Amino acid sequence: MFDYESADFLNIVQTKRLAIYDSGNVEEVLLWLKSHNIEPAFIITGDFWEWNKTKNDLPVRSPASLMAKAGEVVVLITQPYFALSIEESIKHIGFSNIFCYGFFIENLRKTFKIGFHSRFIKGKASRDPSDDRCCLAIMLSNRCNCMCPFCSVEYAKKRAKNDMSLNEYIKILDDAKGLYVHGRFIDTIQLDADRELFVHSDWKEAVTEVKKRGFTMNLVTNGKALTKENSKYLIDNGLSEIIVSVGALDAEKYFSRQGYNKSEKPIGYSQKQLDNVIENVKGLVAYRNAVNSRLAIGIAFALASGDEYSVKEAVKYWKDIGVDFFWGNPLKKIADNGDVIELRPFIGYCRGQCYHMLITSDGEVHPCCGGDGPFEDIVLGNVFKSSLKQIVNSEAYNDFYEGLSSLDEGKMHPICIKCASGLHKY
C-alpha cells in the first residue's frame with residue numbers, strides 16, 4: 001500500500017537514508033528536498049545502463065545492490081506514472097518505506113492505479129528499452145523443422161534434442177505472473193524462443209495456458225506449419241504479434257538462407273517450401289482481417305550486402321499482401337518503403353537484455369536469445385532447480401547486469417563483448 005502523505009515521508013526520512021527512484025522529474029524533486037533540508041544518498045533505477053554512474057552529483061545504484069540494507073532506506077519515486085509498477089518491483093527486493101513525490105502534490109493514487117491495471121489488461125508487445133515491460137521467451141523445444149545457417153538454433157546442435165513438458169511450462173508461467181525484472185513487469189510471453197513452436201506436441205495447450213494467465217503472446221516462426229487451421233487457433237486464442245521468417249523471395253537465395261537443411265533436397269524443394277510459406281502468410285492475413293483481430297504481422301528477412309533492391313521489392317510484395325512491419329538485419333535501418341537509409345550506429349546498450357529473457361527447453365535461464373556468439377554459454381540459473389523469482393533476485397543474476405552496465409570488458413561476459421548486434425540500436 002502506497003504512502004502518499006508528505007508529512008509521513010518528512011517524518012520517517014529523518015532517521016533513514018534516502019534513495020530517489022528516478023522515473024523522471026528528478027530536478028524538481030531535488031529542489032523540493034532541498035527546500036526541506038533533506039540530502040538524498042543516491043539515485044536508484046531499473047535501467048541497468050545507468051548503474052554505477054552519477055546523476056545530479058549523486059551515485060546511481062541498482063535496487064538489488066541495496067537489498068541487504070533495504071530496511072534502512074526510504075525510497076522516493078519521483079513521479080506517479082510508473083509508480084505502482086515500481087512499487088511492486090522493489091517490494092520484492094525488500095523495500096517497505098516507499099513514497100511517491102507525485103502523490104504529495106495531489107492524491108492521484110486511485111486514478112493511476114486504474115490506469116496501471118488497464119494498460120496491462122490491454123497488453124502490448126514492445127521492444128523499447130525504456131519501456132517498463134519485459135518479454136519472457138520460453139523454448140518449448142530445442143528442435144526445429146529447418147536448419148537455417150543464420151539462426152541461433154545452430155548453437156544447440158551438440159545438445160540432445162528435448163522438449164519441455166507441459167507441466168514444467170505451466171510452472172514457469174505461474175512463476176512469471178506478477179514478477180518484475182529490474183523494474184520491468186513480465187507482460188509478454190514469446191512462445192517459441194526462436195525455435196519452432198509447432199514441433200511440440202502440446203503447442204496448442206501451451207497457447208491456451210498463456211491466454212488463461214492474461215499475458216500478451218508473441219511468436220516467431222518459419223511459417224512452414226502455419227496452416228489455416230493453426231493460424232485460426234493462434235488468432236482465436238489472442239496472439240498479439242507474429243514474425244514470419246522468410247529469408248528471400250528468390251528461390252535460390254531462400255534455399256541458401258532458409259531452405260537450407262544440409263540435405264540433398266534440391267532448390268526445387270526449397271521453391272515449394274517458399275510457395276507454401278507465402279500461401280500460409282496470405283491465409284494468416286485473410287483470417288486476421290476477417291475476424292478484425294489486432295494481431296500485428298511481420299516478416300523477417302536476411303539483408304546481405306548488395307540486397308538493397310531485392311529488399312525494396314520484397315517490402316512492396318509483402319505490403320500488398322497486408323503485412324504490417326518488417327524485420328531486417330540489425331546493422332541497417334530500413335524505411336517503410338524498403339529503402340536502406342543508414343547504418344545503425346553503436347550506442348552502447350544491448351538490444352536484448354531485460355526486455356527479452358530466454359528459458360531453454362532444459363530450464364536454463366539466459367539474458368537474451370540471440371547475438372553473434374553462443375548466447376547459451378551465459379547461464380544465469382535453471383528454473384527446474386530454483387524458481388524464476390529466486391533466479392532474477394539472485395546475486396549471480398544481478399552481478400551479470402552490473403558487469404554489463406559498466407561497459408568494462410573486464411567485468412562483462414566475453415560473449416557480450418563480441419556481440420556486434422547486441423550493441424546496436426534497433
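Tutor: Helices (H or I, at least four residues) and strands (E, at least two) are DSSP runs, numbered from the N terminus. Contact means heavy atoms within 4.5 Å, and a residue is buried if its relative accessible area is under 20%, exposed if over 50%, and partly exposed in between (1.4 Å probe, protein chains only). This is a predicted model, in which local features need pLDDT of at least 70, side-chain atom pairs count only at pLDDT 80 or more, and totals for chains, interfaces and linings use all residues. Residues are numbered from 1 along each chain as its sequence is written, and side-chain values use heavy atoms, with hydrogens and water left out.

The helix is α7, residues 203–212, where Trp203, Ala206, Val207, Thr208, Glu209 and Val210 are buried. The cover over these buried residues includes α6 (166–176), α8 (228–236) and the strands β9 and β10. After α7 comes glycine 214, with a positive phi near 80°.

Of those strands, take β9 (residues 184–190): seven of its seven residues are buried, so the rest of the structure largely encloses it. Strands pair if DSSP finds at least two bridges between them. β9 is joined to β8 (residues 180–181) by two bridges, and these strands run antiparallel; here phenylalanine 185 of β9 stands opposite tyrosine 180.
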